[in-house]
Amino acid sequence: MRWGGTRLHEKFEFRRVSWPSMAEGDELWQITGGNVSLGAFTDLKASGSIDYKGATVPDGGNLIRVYYSFSDESGESVTRPICTCFVDLGDDTHTGSFVEGSAELRSVLAVLADDGPGKPYVAAAGANPVSLAADIAKSLGLRVNVTPSSYRLAGSHICDPDETWLGVVNWLLAAAGYSSVYPDAMGTVQMHPYVEPTKRSPSWWFRDDGESAMKVSVTHSDNKSGIPNAVNLWYEDETCGIAAKAVNTDDRSSASTVVLGRTISMRVEVDEIAGNSVSEKLANLKQEAKKQLIDNSTLIEKLEIPCMYVPIEPNDCVGVEWEEAGIDFIGGCTAMDITCALGAATVVKIRNLLPPDFEVTVSGEVSWSV
(Lines give C-alpha, C1' and ligand atoms only; values in the text may rest on other atoms or scores of the structure.)
Protein backbone atom coordinates (compact mmCIF):
# COMPACT_ATOMS: atom_id res chain seq x y z
CA MET A 1 0.00 0.00 0.00
CA ARG A 2 1.43 3.37 -1.03
CA TRP A 3 0.68 6.05 1.57
CA GLY A 4 2.83 8.79 0.03
CA GLY A 5 1.36 9.04 -3.47
CA THR A 6 -1.96 10.21 -4.85
CA ARG A 7 -4.91 9.04 -2.77
CA LEU A 8 -8.09 8.15 -4.63
CA HIS A 9 -11.65 7.51 -3.36
CA GLU A 10 -10.65 9.05 -0.03
CA LYS A 11 -13.32 8.88 2.66
CA PHE A 12 -13.95 9.38 6.37
CA GLU A 13 -16.79 7.18 7.56
CA PHE A 14 -18.70 7.55 10.84
CA ARG A 15 -20.56 4.50 12.14
CA ARG A 16 -22.89 4.10 15.10
CA VAL A 17 -21.64 1.76 17.84
CA SER A 18 -24.10 0.66 20.51
CA TRP A 19 -23.20 0.94 24.18
CA PRO A 20 -22.52 -1.29 26.06
CA SER A 21 -22.72 -4.12 23.50
CA MET A 22 -20.14 -2.42 21.21
CA ALA A 23 -22.09 -3.73 18.22
CA GLU A 24 -21.33 -1.70 15.11
CA GLY A 25 -24.32 -0.32 13.23
CA ASP A 26 -25.14 1.85 10.25
CA GLU A 27 -23.15 4.71 8.82
CA LEU A 28 -24.23 8.13 10.07
CA TRP A 29 -24.61 10.00 6.80
CA GLN A 30 -25.55 13.30 8.47
CA ILE A 31 -22.00 13.77 9.85
CA THR A 32 -20.17 16.14 7.51
CA GLY A 33 -16.71 16.17 9.12
CA GLY A 34 -14.78 16.93 12.25
CA ASN A 35 -11.44 16.33 13.90
CA VAL A 36 -9.81 13.74 16.14
CA SER A 37 -7.00 14.26 18.65
CA LEU A 38 -5.04 11.27 19.91
CA GLY A 39 -2.66 11.90 22.79
CA ALA A 40 -0.39 9.71 24.89
CA PHE A 41 -0.37 12.23 27.76
CA THR A 42 -4.07 13.17 27.86
CA ASP A 43 -6.46 11.56 30.33
CA LEU A 44 -8.92 10.20 27.75
CA LYS A 45 -6.26 9.50 25.09
CA ALA A 46 -8.77 10.23 22.29
CA SER A 47 -11.15 13.16 21.80
CA GLY A 48 -12.46 15.39 19.07
CA SER A 49 -15.56 16.89 17.53
CA ILE A 50 -18.00 16.28 14.69
CA ASP A 51 -20.30 18.47 12.62
CA TYR A 52 -23.64 17.18 11.37
CA LYS A 53 -26.46 18.31 9.10
CA GLY A 54 -29.49 16.27 8.16
CA ALA A 55 -32.91 15.04 9.15
CA THR A 56 -31.83 13.61 12.51
CA VAL A 57 -29.36 14.25 15.31
CA PRO A 58 -26.68 11.59 16.06
CA ASP A 59 -27.59 9.41 19.03
CA GLY A 60 -25.90 10.98 22.06
CA GLY A 61 -26.27 7.86 24.18
CA ASN A 62 -24.07 5.68 22.03
CA LEU A 63 -20.65 5.83 20.41
CA ILE A 64 -19.28 6.71 17.00
CA ARG A 65 -16.46 4.86 15.28
CA VAL A 66 -14.40 6.84 12.79
CA TYR A 67 -12.85 5.09 9.78
CA TYR A 68 -10.48 6.43 7.14
CA SER A 69 -10.09 4.78 3.73
CA PHE A 70 -8.56 5.41 0.32
CA SER A 71 -7.12 3.67 -2.74
CA ASP A 72 -3.63 4.22 -4.12
CA GLU A 73 -2.69 4.64 -7.78
CA SER A 74 -2.30 0.89 -8.27
CA GLY A 75 -5.85 0.21 -7.06
CA GLU A 76 -4.94 -1.21 -3.65
CA SER A 77 -7.31 -0.07 -0.90
CA VAL A 78 -7.07 0.31 2.85
CA THR A 79 -9.62 1.04 5.58
CA ARG A 80 -8.34 1.94 9.02
CA PRO A 81 -10.26 2.72 12.24
CA ILE A 82 -9.19 5.96 13.94
CA CYS A 83 -11.16 5.96 17.20
CA THR A 84 -14.36 4.89 18.93
CA CYS A 85 -15.84 7.66 21.08
CA PHE A 86 -18.92 8.68 22.99
CA VAL A 87 -20.93 11.58 21.56
CA ASP A 88 -21.64 14.62 23.76
CA LEU A 89 -24.23 16.67 21.89
CA GLY A 90 -24.18 20.45 21.99
CA ASP A 91 -26.62 23.05 20.67
CA ASP A 92 -28.39 22.38 17.38
CA THR A 93 -30.17 24.59 14.85
CA HIS A 94 -33.43 23.56 13.17
CA THR A 95 -34.40 24.77 9.72
CA GLY A 96 -37.66 23.16 8.75
CA SER A 97 -37.11 19.40 8.82
CA PHE A 98 -33.30 19.77 8.84
CA VAL A 99 -31.12 20.05 11.90
CA GLU A 100 -27.45 20.92 12.13
CA GLY A 101 -24.94 21.31 14.91
CA SER A 102 -21.79 19.93 16.43
CA ALA A 103 -20.86 17.44 19.14
CA GLU A 104 -17.81 16.56 21.20
CA LEU A 105 -16.16 13.15 21.05
CA ARG A 106 -14.73 11.46 24.16
CA SER A 107 -13.07 8.07 24.27
CA VAL A 108 -14.48 5.06 26.13
CA LEU A 109 -12.26 6.08 29.06
CA ALA A 110 -15.02 8.59 29.81
CA VAL A 111 -16.75 5.66 31.55
CA LEU A 112 -13.89 5.68 34.08
CA ALA A 113 -13.40 9.45 34.17
CA ASP A 114 -17.06 10.31 34.81
CA ASP A 115 -17.52 8.08 37.84
CA GLY A 116 -15.68 7.11 41.00
CA PRO A 117 -16.00 5.03 44.14
CA GLY A 118 -17.47 7.92 46.14
CA LYS A 119 -15.56 6.76 49.19
CA PRO A 120 -11.94 5.86 49.97
CA TYR A 121 -10.81 3.06 47.69
CA VAL A 122 -8.49 0.63 49.45
CA ALA A 123 -6.00 -1.53 47.56
CA ALA A 124 -4.86 -4.03 50.18
CA ALA A 125 -1.30 -5.20 50.70
CA GLY A 126 -0.70 -8.39 48.74
CA ALA A 127 -3.32 -7.57 46.10
CA ASN A 128 -2.57 -7.81 42.40
CA PRO A 129 -3.01 -4.20 41.17
CA VAL A 130 -3.31 -5.14 37.49
CA SER A 131 -6.12 -7.59 38.23
CA LEU A 132 -7.85 -4.95 40.35
CA ALA A 133 -7.59 -2.39 37.52
CA ALA A 134 -8.97 -4.84 34.96
CA ASP A 135 -11.85 -5.83 37.25
CA ILE A 136 -12.84 -2.20 37.75
CA ALA A 137 -12.96 -1.53 34.00
CA LYS A 138 -14.91 -4.73 33.30
CA SER A 139 -17.41 -3.99 36.07
CA LEU A 140 -18.24 -0.70 34.32
CA GLY A 141 -18.96 -2.43 31.02
CA LEU A 142 -15.66 -1.86 29.25
CA ARG A 143 -13.92 -4.47 27.14
CA VAL A 144 -10.39 -5.05 28.38
CA ASN A 145 -7.21 -6.48 26.89
CA VAL A 146 -4.69 -6.93 29.71
CA THR A 147 -1.20 -8.38 30.04
CA PRO A 148 -1.32 -10.48 33.25
CA SER A 149 1.08 -9.57 36.04
CA SER A 150 2.30 -11.46 39.09
CA TYR A 151 3.19 -8.26 40.95
CA ARG A 152 1.65 -7.83 44.42
CA LEU A 153 1.38 -4.61 46.41
CA ALA A 154 3.92 -4.48 49.24
CA GLY A 155 1.65 -2.26 51.34
CA SER A 156 -1.92 -1.04 51.30
CA HIS A 157 -2.90 2.13 49.44
CA ILE A 158 -5.96 4.34 49.93
CA CYS A 159 -7.30 6.54 47.12
CA ASP A 160 -9.17 9.70 48.11
CA PRO A 161 -12.98 9.55 48.04
CA ASP A 162 -13.12 12.23 45.33
CA GLU A 163 -10.83 10.26 43.01
CA THR A 164 -12.30 9.02 39.71
CA TRP A 165 -12.16 5.40 38.63
CA LEU A 166 -9.70 6.53 35.95
CA GLY A 167 -7.39 7.88 38.64
CA VAL A 168 -7.71 4.67 40.66
CA VAL A 169 -7.02 2.45 37.65
CA ASN A 170 -3.99 4.47 36.55
CA TRP A 171 -2.53 4.38 40.08
CA LEU A 172 -2.92 0.60 40.20
CA LEU A 173 -1.28 0.18 36.80
CA ALA A 174 1.59 2.56 37.64
CA ALA A 175 2.27 0.56 40.82
CA ALA A 176 2.97 -2.47 38.63
CA GLY A 177 5.11 -0.56 36.12
CA TYR A 178 2.36 -0.46 33.50
CA SER A 179 1.44 2.34 31.11
CA SER A 180 -1.63 4.40 31.93
CA VAL A 181 -4.78 2.82 30.55
CA TYR A 182 -5.61 3.62 26.93
CA PRO A 183 -8.23 2.56 24.36
CA ASP A 184 -7.44 1.12 20.96
CA ALA A 185 -9.23 2.42 17.87
CA MET A 186 -12.05 -0.11 18.32
CA GLY A 187 -12.73 0.99 21.89
CA THR A 188 -11.11 -1.90 23.74
CA VAL A 189 -9.26 -0.77 26.86
CA GLN A 190 -5.57 -1.73 26.91
CA MET A 191 -3.47 -2.46 30.03
CA HIS A 192 0.15 -3.37 29.35
CA PRO A 193 3.66 -2.91 30.85
CA TYR A 194 5.31 0.38 29.93
CA VAL A 195 7.98 0.20 27.25
CA GLU A 196 9.84 3.34 26.20
CA PRO A 197 8.86 3.80 22.51
CA THR A 198 12.46 4.28 21.38
CA LYS A 199 13.31 0.82 22.75
CA ARG A 200 11.30 -0.55 19.80
CA SER A 201 11.99 -0.37 16.08
CA PRO A 202 10.26 2.47 14.21
CA SER A 203 6.85 1.48 12.87
CA TRP A 204 6.92 4.41 10.43
CA TRP A 205 9.60 6.55 8.78
CA PHE A 206 9.09 10.11 7.61
CA ARG A 207 11.52 10.73 4.76
CA ASP A 208 11.84 13.38 2.07
CA ASP A 209 11.41 10.76 -0.64
CA GLY A 210 7.76 11.35 -1.55
CA GLU A 211 6.68 8.04 -0.03
CA SER A 212 5.90 8.89 3.59
CA ALA A 213 3.10 11.49 3.18
CA MET A 214 5.22 14.16 4.92
CA LYS A 215 4.67 17.83 4.01
CA VAL A 216 7.56 20.21 3.30
CA SER A 217 8.03 21.73 6.77
CA VAL A 218 8.87 20.37 10.21
CA THR A 219 8.88 22.27 13.52
CA HIS A 220 11.68 21.46 15.97
CA SER A 221 11.83 22.43 19.64
CA ASP A 222 13.66 21.40 22.79
CA ASN A 223 13.92 22.28 26.47
CA LYS A 224 17.55 23.44 26.48
CA SER A 225 16.67 26.84 27.86
CA GLY A 226 14.95 25.32 30.88
CA ILE A 227 17.58 22.78 31.91
CA PRO A 228 19.32 23.65 35.22
CA ASN A 229 23.07 23.28 35.67
CA ALA A 230 22.92 23.33 39.46
CA VAL A 231 20.69 22.06 42.25
CA ASN A 232 20.68 23.53 45.77
CA LEU A 233 19.03 21.49 48.52
CA TRP A 234 18.28 22.60 52.07
CA TYR A 235 17.23 20.33 54.93
CA GLU A 236 16.37 21.34 58.48
CA ASP A 237 15.14 19.50 61.57
CA GLU A 238 15.51 19.88 65.35
CA THR A 239 19.13 18.70 65.21
CA CYS A 240 20.64 20.50 62.23
CA GLY A 241 20.39 22.68 59.17
CA ILE A 242 22.36 21.36 56.18
CA ALA A 243 22.87 22.37 52.57
CA ALA A 244 24.04 20.44 49.51
CA LYS A 245 24.83 21.57 46.00
CA ALA A 246 25.38 19.66 42.77
CA VAL A 247 26.78 21.48 39.73
CA ASN A 248 27.25 20.49 36.11
CA THR A 249 30.90 21.50 35.57
CA ASP A 250 31.54 19.38 32.48
CA ASP A 251 33.04 21.35 29.59
CA ARG A 252 31.56 18.77 27.17
CA SER A 253 28.04 19.77 28.21
CA SER A 254 26.42 22.76 26.50
CA ALA A 255 24.36 23.43 29.64
CA SER A 256 27.26 23.40 32.13
CA THR A 257 28.37 26.37 34.19
CA VAL A 258 31.73 26.17 32.43
CA VAL A 259 30.26 26.53 28.93
CA LEU A 260 27.47 28.98 29.79
CA GLY A 261 29.54 31.03 32.17
CA ARG A 262 26.61 31.36 34.58
CA THR A 263 24.51 29.31 36.95
CA ILE A 264 20.91 28.26 36.37
CA SER A 265 19.86 26.61 39.59
CA MET A 266 16.98 24.71 41.12
CA ARG A 267 16.38 25.44 44.79
CA VAL A 268 14.52 22.82 46.80
CA GLU A 269 13.72 22.50 50.49
CA VAL A 270 13.79 18.82 51.43
CA ASP A 271 11.28 17.61 54.02
CA GLU A 272 12.97 14.34 54.95
CA ILE A 273 16.39 12.75 54.59
CA ALA A 274 17.72 9.48 55.96
CA GLY A 275 20.60 9.34 58.45
CA ASN A 276 21.30 8.65 62.11
CA SER A 277 23.79 11.50 62.45
CA VAL A 278 24.34 14.92 60.94
CA SER A 279 27.21 13.62 58.81
CA GLU A 280 25.08 10.78 57.43
CA LYS A 281 22.26 13.19 56.63
CA LEU A 282 24.69 15.50 54.84
CA ALA A 283 26.13 12.64 52.78
CA ASN A 284 22.63 11.54 51.77
CA LEU A 285 21.60 15.10 50.95
CA LYS A 286 24.60 15.45 48.66
CA GLN A 287 23.63 12.25 46.85
CA GLU A 288 20.08 13.53 46.53
CA ALA A 289 21.33 16.80 45.04
CA LYS A 290 23.29 14.88 42.41
CA LYS A 291 20.30 12.69 41.61
CA GLN A 292 17.97 15.65 41.22
CA LEU A 293 20.41 17.44 38.93
CA ILE A 294 20.69 14.42 36.69
CA ASP A 295 16.93 13.75 36.76
CA ASN A 296 16.18 17.32 35.71
CA SER A 297 18.81 17.49 32.99
CA THR A 298 17.21 15.16 30.46
CA LEU A 299 17.14 16.86 27.06
CA ILE A 300 13.71 16.59 25.45
CA GLU A 301 13.66 17.13 21.68
CA LYS A 302 10.34 17.45 19.88
CA LEU A 303 9.23 17.48 16.25
CA GLU A 304 5.86 18.45 14.79
CA ILE A 305 5.34 16.92 11.37
CA PRO A 306 2.52 18.04 9.07
CA CYS A 307 1.46 15.15 6.86
CA MET A 308 -1.47 13.23 5.46
CA TYR A 309 -2.84 10.64 7.87
CA VAL A 310 -0.47 7.68 8.22
CA PRO A 311 -0.94 4.35 10.06
CA ILE A 312 0.64 5.13 13.41
CA GLU A 313 -0.67 5.69 16.94
CA PRO A 314 0.54 7.45 20.08
CA ASN A 315 3.42 5.59 21.78
CA ASP A 316 4.61 4.12 18.47
CA CYS A 317 8.28 4.55 17.66
CA VAL A 318 8.68 6.90 14.68
CA GLY A 319 11.76 7.81 12.65
CA VAL A 320 12.49 10.97 10.66
CA GLU A 321 15.18 11.19 7.98
CA TRP A 322 15.09 14.52 6.18
CA GLU A 323 18.45 14.84 4.48
CA GLU A 324 17.89 18.34 3.08
CA ALA A 325 17.09 19.74 6.55
CA GLY A 326 19.76 17.70 8.32
CA ILE A 327 17.20 15.97 10.53
CA ASP A 328 17.91 12.41 11.69
CA PHE A 329 15.58 11.63 14.55
CA ILE A 330 13.94 8.66 16.26
CA GLY A 331 11.30 9.29 18.92
CA GLY A 332 7.99 8.26 20.38
CA CYS A 333 4.72 9.55 18.94
CA THR A 334 3.04 11.63 21.66
CA ALA A 335 0.04 13.00 19.76
CA MET A 336 -1.81 13.11 16.44
CA ASP A 337 -4.28 15.79 15.37
CA ILE A 338 -6.37 14.58 12.43
CA THR A 339 -8.78 16.61 10.30
CA CYS A 340 -11.63 14.44 9.04
CA ALA A 341 -11.82 15.89 5.54
CA LEU A 342 -10.38 15.20 2.10
CA GLY A 343 -6.60 15.27 2.31
CA ALA A 344 -6.67 13.88 5.86
CA ALA A 345 -4.47 16.74 7.10
CA THR A 346 -2.62 15.51 10.19
CA VAL A 347 0.01 16.82 12.57
CA VAL A 348 2.15 14.13 14.19
CA LYS A 349 4.07 15.07 17.33
CA ILE A 350 7.06 13.00 18.39
CA ARG A 351 9.70 13.42 21.08
CA ASN A 352 12.97 11.89 22.15
CA LEU A 353 14.50 11.84 25.62
CA LEU A 354 18.29 12.12 25.75
CA PRO A 355 19.61 11.02 29.16
CA PRO A 356 22.34 13.29 30.54
CA ASP A 357 25.99 12.28 30.58
CA PHE A 358 28.16 14.83 32.35
CA GLU A 359 30.49 15.25 35.29
CA VAL A 360 28.94 16.56 38.51
CA THR A 361 30.68 18.48 41.28
CA VAL A 362 28.98 18.00 44.64
CA SER A 363 29.49 19.99 47.81
CA GLY A 364 27.75 20.42 51.14
CA GLU A 365 27.95 22.07 54.53
CA VAL A 366 26.45 21.99 57.97
CA SER A 367 25.01 25.44 58.65
CA TRP A 368 24.16 24.63 62.25
CA SER A 369 23.78 21.62 64.52
CA VAL A 370 23.04 20.84 68.16
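Reader: What covers the buried residues of α2?

Author: The cover includes α1 (110-113), β8 (121-123), β9 (144-146), α3 (165-175) and β12 (189-191), judged by contact (heavy atoms within 4.5 Å). Buried stands for under 20% relative accessible area, exposed for over 50% and partly exposed for the range in between (1.4 Å probe, protein chains only). Helices (H or I, at least four residues) and strands (E, at least two) are DSSP runs, numbered from the N terminus. This is a predicted model, in which local features need pLDDT of at least 70 and side-chain atom pairs count only at pLDDT 80 or more, while totals for chains, interfaces and linings use all residues. Residues are numbered from 1 along each chain as its sequence is written, and side-chain values use heavy atoms, with hydrogens and water left out.

Reader: Which residues of helix α2 are buried?

Author: An α-helix has 3.6 residues a turn, so residues three or four places apart point the same way. In α2 (residues 129-139), the buried set is Pro 129, Val 130, Ala 133, Ala 134, Ile 136 and Ala 137. These residues lie on the same side of α2 because they span an arc of only 160 degrees around the axis, taken from the directions from the helix axis to the C-beta atoms.

Reader: What is found at the start of α2, and which residue just after α2 takes a positive phi?

Author: A polar contact is a pair of N or O atoms within 3.5 Å; within protein, one must be able to donate a hydrogen and the other to accept it, and residues adjacent in sequence count only if both atoms are side-chain atoms. At the start of α2, a side-chain oxygen of Asn 128 comes within 3.1 Å of the backbone nitrogen of Val 130. Just after the helix, Gly 141 has a positive phi of about 95 degrees.

Reader: In what order do the four strands of the open sheet stand?

Author: Strands of a sheet pair through backbone hydrogen bonds, either parallel or antiparallel. Two strands count as paired if DSSP finds at least two bridges between them. Here the order is β17-β15-β16-β22, with mixed pairing. The edges are β17 (265-270) and β22 (360-369); each has a single partner strand, so one side of each lacks a neighbour in the sheet. From one strand to the next, the twist averages 15 degrees. Axes are lines fitted to C-alpha atoms, for helices over the stretch in contact, and angles run from 0 to 180 degrees between N-to-C directions.

Reader: How many bridges join β15 and β17, and which strands does helix α5 lie across?

Author: Strand β15 (residues 230-236) pairs with β17 in the parallel sense over six bridges; Asn 232 has Arg 267 of β17 as its bridge partner. Helix α5 (residues 278-295) lies across β15, β16 (240-248), β17 and β22, at about 30 degrees to β16.

Reader: How many residues of strand β5 are buried?

Author: Nine of the nine residues of β5 (residues 63-71) are buried. Both faces are covered, with Leu 63, Arg 65, Tyr 67, Ser 69 and Ser 71 on one side and Ile 64, Val 66, Tyr 68 and Phe 70 on the other. Strand β1 (residues 8-17) pairs with β5 in the antiparallel sense over eight bridges, and Phe 12 has Tyr 68 as its bridge partner in β5. Strand β6 (residues 77-95) is also antiparallel to β5, over nine bridges, with Val 66 opposite Cys 83.

Reader: Is Asp 250 buried or exposed?

Author: Asp 250, in the loop between β16 and α4 (257-260), is buried, at 2% relative accessible area.
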